[in-house]
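Hi there,

Here is the structure I promised to pass on to you. Have a look at it first, and then read my notes below.

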Amino acid sequence: MSNNYTSWGRFPKVTQQSTPISWRNNSLPYSDTLLLPHGLGRSYGDVCLNDQGMLLTTRTLNRFISFDEQTGVLRCESGVSFAEILDFAVPRGWFLPVTPGTKFVTVGGAIANDVHGKNHHKAGTFGKHIRCFELLRSDGERLLCSPDSNTELFTATIAGLGLTGLITWAEFTLRPIHHRAMKTENIQFENVEEFFSLSAESDQDYEYTMSWVDCSAKGSHLGRGLFFRGNHIEKEEIPETWNTPFLQKLPAIARTMPINLPNFALNAKTVQLFNQLYYNQQSEKVVTGLTDYDPFFYPLDAILEWNRLYGTRGFLQYQCVVPNDDHRIITEILSTIAESGLSSFLAVLKNFGDVEAMGMLSFPRKGVTLALDFPMKGAATFALLERLDAIVREAQGAVYPCKDARLSSQSFKTYYPQWEAFSQYIDPRFSSSFWRRVTR
Amino acid sequence: MRKILIIGASSAIAQATARLFAQQKDALFLVGRNEEKLAQQAEDLRLQGAHKVDYAAFDLNEFEHHPTILSQATVSLNGLDTVLIAHGVLDDQKAGEQEYVVAEEALRTNFLSVVSLLTPIANQLEQQRYGSIAVISSVAGDRGRQSNYIYGTAKGAVSIFLSGLRNRLAPANVNVLTVKPGFVDTPMTAEFKKGALWASPEQVATGIYQGIEKEKSCVYLPSFWWLIMLIIRSIPEFVFKRLKL
């Protein structure tokens, strides 16, 4: 039963077995190889891969267990996807407390990577909203983990990369909303300084903020981009012409990327062209509007399997966080990328603010985060990311494991000095390609 | 609101289909072997919006209980208009070639149990003169192949039985839907290497749901299997017998 499970970046490619966990009271399969839970495989690198080992696939653990309409507390199995939660919760007047830029992640994966979203400066990571979960260890023990019980395993499992055992179900609190619509503003900015002042001005009044940066721009355009900010619409803001409390969703126009584009399709020129068009999509400096939550939070989900844009060789993501009090660090990173000529197709910038994450290995911390993706071009791409790591290490920042496929062991241990303390909570029969790579 | 009996309710395809019914606020009666699984599923379906969910655990190989299943479901749902039969096993072809009892067991579970279940069900729906029956057969029943012809025999027999039943019940306004899935990624097929032809249980469930809604007679799921099976059925026997399929 070897399989073709890959991660979203489709690099690296590994050989592994897989077995589905269909019911939450099932025991773990017998196997003489190492185990790793695997949800929807949306992490980019190898945290969801287990070369020569076995994946425990959890999409079959997709049942809801209980929901309290008064408090918004939802308990469900760990393979339930965020898309399924939204379909369930939004018509009932509730929303995810935190969501990453895709809704095709499972609850288990969201905990294991302690995901963050556009509201990080207000709400913190997903882990912060977890009330409890059940952890199945390979010795057969089932542990109820919460801030009050099995506390160490609770904080180790949040951002624990699936290494501490299998989460069978979890309970967390949703956030109330009045309507599925969002009130949004898109603002052009000219440079990094302007980004920081927009952030400072917006983080108080806007629940959701993030920016897209034109990574191909150089010189006086360096660091230009679009700043997106928004809030769930308030009750009194709902236009009177919308007479139903929750408008029916517009017919979904999800398209699937039908083929792998040839590997040369994304090159410096096409990426530059895309970035220029994207920056100039609005002729006004500020555009305001009302929009459905779906395109606001999940613009890329409208093209299913968009990773095929990068062809069969795959791509590398790089997401770092660096201190936000010295703006020169982000500028240095952006100019290093611009000079390399390996411009990133999509680059996202967000101010994390001061909110602390609670997982032992959580990535978000005080600072500003930049996420980039690069077509896989072998040595040149690796060399650029190595240069970026040098800047991030120097700045005492960190890189996000969930996006990574190439971090050196030295960099990882610098970013996460607590890795050794964490490792005592790893289940002895669990491991991942990522973990073996960064701790060797 | 439909009143639906689902037999083999904990199979992956039936679970996904039940969810679609629940989201339409239908009332459901689930039958499967394991009570704990049925309870977990019922919880989920109630939250998904089902008007009512009840369940009972039965071993479907004990045919003498089949009439009881029908009467319990009818009482619980206060009537019955839709039935989905989704149980089955993927038997060990090689073992069945060696030992008749293995083959017989597979034919009992995959074919004879369907006949036994559908006999009282068909009579009840025929009498009330409305209703819908959907049964999961398989593309494997369209032509015997060396790799799984015992399973294929049972599924082929199910398809022929349903075709006759459809003919008989048409005047009584009862629709009979033959569902022919291709490769589906479920726990039953966990041991197989997956490729481009594989579908998810959710895709197949959507096809079953629409087939019932549109009162279709037979659906291949996903629909491209119709073309594949047309080609496979058209290969002359003198060629087919030399193929490794």
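In chain A, 76% of the contacts with a separation of 6 or more are between residues 24 or more positions apart; two residues are in contact if their C-beta atoms, placed from the backbone, lie within 7 Å. Please keep in mind that this is a predicted model, in which local features need pLDDT of at least 70 and side-chain atom pairs count only at pLDDT 80 or more, while totals for chains, interfaces and linings use all residues. Residues are numbered from 1 along each chain as its sequence is written, and chains are lettered from A and ligands numbered from 1 in the order in which they are written.

The C-alpha trace of chain A spans about 60 × 55 × 45 Å along its principal axes. Of its 440 residues, 48% are buried, meaning that 20 or more other C-beta atoms lie within 10 Å of the residue's own.

Now for the cores, which are sets of buried Ala, Val, Leu, Ile, Met, Phe, Trp, Tyr and Cys residues joined through C-beta atoms within 7 Å. The largest nonpolar core has 111 residues, and Ile111(A) and Cys320(A) have the most contacts inside it. Beyond its neighbours within four places in sequence, Ile111(A) touches several residues, among them Phe126(A), Ile130(A), Phe133(A) and Ile167(A). A second, separate core has 67 residues, including Leu5(B), Phe21(B), Leu38(B) and Ala42(B).

Finally, where the two chains meet, chain A brings 15 residues to the contact and chain B brings 14.

Enjoy exploring!

Best wishes

Terms used:
Buried ≥ 20, exposed ≤ 12 C-beta atoms within 10 Å, placed from the backbone.
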